[in-house]
Amino acid sequence: MGILDRVAVGVRFFRKGLEDFDTTANVVSSSRWLVEEMLAKIPPDAKVVVEFGPGTGTLTRQILAKLGPDAKLYAIELEKGLLEGCVRAIDDRRLVGVHGSAADAATLLDASVVGHADAVISSLGLSLMDEPIRESIMVAARALLAPGAAFTQYAYVHARYVAYSQQRRAFFTWDARPFVRRLWPRVDETMVWKNVPPAVVFTCRG
Ligand SMILES: C[S@@+](CC[C@H](N)C(=O)[O-])C[C@H]1O[C@@H](n2cnc3c(N)ncnc32)[C@H](O)[C@@H]1O
């Protein structure tokens with residue numbers, strides 16, 4: 001991946017973040033500590049991985065680095081420009097960019113993926129979404145997973161105490177923990193303080 005492509009996708013993400021923060025949920029990419037924790041549950045022999053919200057491709061590149069030559073990574077992104085920039089910049093035949101919402105994952109992806117994903121990795125900004133949308137994203141993730149496979153999602157800690165929605169022009173609070181625990185029978189949590197902002201990583205199994 002060329003440095004110019006990398007810079008271009010980073011700039012696009014930053015600008016999109018300023019324009020529509022409720023969708024991107026950040027203006028900078030995840031730190032390496034958060035990325036490491038997010039990818040810890042991908043099995044070494046994974047053949048099919050699905051990513052929700054690749055954005056600049058920070059996690060995407062590292063997921064690909066963990067996968068074998070015949071594996072596939074399906075990356076579902078709502079923002080077409082970001083997706084195209086990310087796929088072009090990474091330029092890896094194992095990466096399949098899918099334009100659309102993660103809530104529609106089961107219909108966007110090939111039937112051979114549904115129920116067969118060895119991991120689903122999500123960096124979507126759930127706190128800024130309406131409740132029915134974030135619930136349908138959890139339902140979609142569960143439908144993709146192979147038996148025993150994990151869904152991994154992070155949430156910024158500060159949203160428990162205060163967060164701001166640009167669209168609603170209002171401060172709000174949202175605690176990811178009860179939401180995730182209501183929708184997933186088995187949940188593990190890990191704190192990542194060395195991220196800006198600090199985040200908690202949820203590993204969920206059906
Ligand atoms: C917080 S950013 C994560 C970017 C990158 N993966 C990272 O961790 O640095 C969230 C990304 O999810 C995308 N997104 C938001 N809602 C989405 C949805 N419903 N389906 C798919 N992607 C979505 C945004 O456009 C943005 O690129």
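Strand 4 (residues 117-122) and strand 5 run parallel and are joined by 5 bridges. Within this pair, Ile121 stands opposite Thr152 of strand 5. The structure is a predicted model, in which local features need pLDDT of at least 70, side-chain atom pairs count only at pLDDT 80 or more, and totals for chains, interfaces and linings use all residues. Residues are numbered from 1 along each chain as its sequence is written. Helices (H or I, at least four residues) and strands (E, at least two) are DSSP runs, numbered from the N terminus. Two strands count as paired if DSSP finds at least two bridges between them.

The open sheet contains 7 strands in the order 3-2-1-4-5-9-8, with mixed pairing. Strand 3 (95-99) and strand 8 are the edge strands, each pairing on one side only. On average, neighbouring strands of the sheet are turned by 15° against each other, direction ignored. Axes here are lines fitted to C-alpha atoms, for helices over the stretch in contact, and angles run from 0 to 180 degrees between N-to-C directions.

Strand 8 (residues 186-192) and strand 9 (residues 199-205) are antiparallel and share 7 bridges. Arg186 stands opposite Arg205 in strand 9. A hairpin of 6 residues joins the two strands. The loop between strand 8 and strand 9 holds Pro197. A cis peptide bond links Val196 to Pro197, with omega at about -5°. Helix 8 (residues 176-183) lies across strand 5, strand 8 and strand 9, and runs at about 5° to strand 9.

The largest nonpolar core has 57 residues. Such a core is a set of buried Ala, Val, Leu, Ile, Met, Phe, Trp, Tyr and Cys residues joined through C-beta atoms within 7 Å. A residue is buried if 20 or more other C-beta atoms lie within 10 Å of its own, exposed if 12 or fewer, and partly exposed in between, with C-beta atoms placed from the backbone. Strand 5 (residues 145-156) gives the largest share of this core, 7 residues. Val49, Val50, Ala117, Ala119, Val120 and Leu144 have the most contacts inside the core. Beyond its neighbours within four places in sequence, Val50 is in contact with Tyr74, Ile76, Ala105, Val113, Ala117, Val120 and Leu144. Contact requires C-beta atoms, placed from the backbone, within 7 Å.

Thr58, Leu59, Thr60 and Ile63 of helix 4 are buried. Their cover includes helix 3 (32-39), strand 1 (48-52), strand 2, helix 5, strand 3 and strand 4. Val87 is found in helix 5 (residues 80-90). Val87 counts as buried because it has 21 C-beta neighbours inside 10 Å. Leaving out residues up to four places away in sequence, Val87 touches Leu95 and Gly97. Val87 and Gly97 are 10 residues apart in sequence and 6.4 Å apart in space, C-alpha to C-alpha.

The ligand is surrounded by 24 residues, of which Ser30, Gly53, Gly55, Leu78 and Ser123 are the closest. Helix 2 (21-24), helix 4 (58-66) and strand 2 (72-77) each supply at least two residues of the shell. The shell divides into 10 nonpolar, 12 polar and 2 charged residues. Ala, Val, Leu, Ile, Met, Phe, Trp, Tyr, Cys and Pro count as nonpolar, Asp, Glu, Lys and Arg as charged, and the others, Gly among them, as polar.

Notes: Near = placed C-beta within 6 Å. Contact = placed C-beta atoms within 7 Å.
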